[in-house]
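I am opening a notebook page on this structure. My plan is to go through it entry by entry and write down what I look up.

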Amino acid sequence: MTSKEYLQQIRTLDTIIDQKRQELNNLQEIATSARSLDYSSDRVQTSPKGEAPYARTAEKAADLDVEIRALEDERLAIIDSIHAIGDERYISVLYKRYVEGKRFDLIAEEVGYVETYVWQLHTEALAEIKQHRQT
């Protein structure tokens with residue numbers, strides 16, 4: 001995996017984390033909502049099941065929460081690799097590009113460099129990421 005692909009994982013992780021958080025919210029809503037009784041049909045006495053109806057949903061929610069935390073840890077590890085470079089210019093360009101998802105022209109405007117210099121910094125920063133990942 002190239003350094004660029006490695007850093008692009010941040011966006012993918014952001015998307016997955018957002019989707020899983022939405023699913024977690026849905027599960028929590030289901031687990032805490034009151035169910036209405038259906039009086040339209042005849043009641044047949046049934047044996048109670050061994051667990052409360054919301055228990056399975058709550059268990060799924062807890063598992064999903066653990067999964068989200070693991071994905072967040074993976075995302076933070078990639079961001080930490082950006083911060084480990086040590087050169088403020090590289091950190092700034094990579095963070096704005098891969099974490100904030102900004103285009104090169106916007107990055108150049110924000111940091112006060114011409115766009116071609118930002119591209120050069122980006123290329124050098126990717127080489128630094130590669131070197132740090134190999135050690």
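**Entry 1: aromatic pairs**

How many aromatic pairs does the structure hold? I find one. I note at the start that this is a predicted model. The pair is made by Tyr113 and Tyr117, with ring centres 4.9 Å apart. The planes of these two rings stand at 90°, so I log the pair as edge-to-face; the cut-off for that label is over 60 degrees.

Tyr113 is partly exposed, at a relative accessible area of 32%. Tyr117 is partly exposed too, at 25%.

I place Tyr113 in the loop between H4 and H5. What does Tyr113 touch, not counting residues up to four places away in sequence? I list Arg89, Ala108, Val118 and Leu121.

**Entry 2: overall layout**

I step back to the whole protein. I see five helices and zero strands. Along the sequence the pattern reads α-α-α-α-α. The protein has 135 residues, and 26% of them count as buried.

The accessible surface comes to about 9600 Å². Carbon and sulfur atoms hold 49% of that surface.

Then I turn to contacts. I take those with a separation of 6 or more, and 72% of them join residues 24 or more positions apart.

**Entry 3: helix H1**

I follow helix H1, which covers residues 3–32 and has 30 residues. From first C-alpha to last, H1 reaches 44 Å. That is close to the 44 Å expected at 1.5 Å a residue.

Which residues of H1 are buried? I write down Ser3, Tyr6, Leu7, Ile10, Leu13, Ile17, Leu24 and Leu27. These buried residues pack against helix H2 (55–83), helix H3 (88–99) and helix H5 (115–134).

I take Ser3 on its own. Ser3 has a relative accessible area of 7%, so I call Ser3 buried, the cut-off being under 20%. Leaving out residues up to four places away in sequence, Ser3 touches Leu126, Ile129, Lys130 and Arg133.

Arg133 comes up again at Tyr6. I find Arg133 over the face of Tyr6, at 3.9 Å from the ring centre.

**Entry 4: the largest nonpolar core**

A general point goes in first. In soluble globular proteins, nonpolar side chains tend to be buried together.

Here the largest nonpolar core has 29 residues. Which of them touch the most other members? I note Leu7, Ile10, Ile82, Leu94 and Ile129. H1, H2, H3, helix H4 (104–111) and H5 each supply at least two residues of this core.

I trace Ile10 further. Setting aside its neighbours within four places in sequence, I find Ile10 in contact with Arg75, Ile78, Ile79, Ile82, Tyr98 and Val99.

**Entry 5: helix H3**

H3 has 12 residues and reaches 15 Å from its first C-alpha to its last. The expected value is 16 Å at 1.5 Å a residue, and H3 comes close to that.

I list the buried residues of H3: Tyr90, Ile91, Val93, Leu94, Lys96, Tyr98 and Val99. The buried residues of H3 pack against H1, H2, H4 and H5.

Glu115 lies in helix H5. Glu115 is partly exposed, with a relative accessible area of 32%. I check Asp105, which is 10 residues away along the chain, and find its C-alpha 5.7 Å from that of Glu115. Not counting residues up to four places away in sequence, Glu115 touches Phe104, Asp105 and Ala108.

Glu128 also lies in helix H5. I log Glu128 as partly exposed, at 23%. Ser81 sits 47 residues away along the chain, and the two C-alpha atoms are separated by 9.9 Å. Which residues does Glu128 touch, not counting those up to four places away in sequence? I find Ile85 and Tyr90.

Conventions. Residues numbered from 1 in each chain as written. Predicted model: local features only at pLDDT ≥ 70, side-chain atom pairs only at ≥ 80, totals over all residues. Heavy atoms only, no water. Phe/Tyr/Trp six-rings, centres within 6.5 Å; stacked < 30°, edge-to-face > 60°. Buried < 20%, exposed > 50% of the residue type's maximum accessible area, 1.4 Å probe, protein only. Lys NZ or Arg CZ within 6 Å of the ring centre and 35° of its normal. Helix = DSSP H or I, 4+ residues; strand = E, 2+ residues; numbered from the N terminus. Expected span 1.5 Å × (residues − 1). Contact = heavy atoms within 4.5 Å. Core = buried A, V, L, I, M, F, W, Y, C linked by side-chain atoms within 4.5 Å. Areas by Shrake-Rupley, 256 points an atom, 1.4 Å probe, with all protein chains shown as cover.
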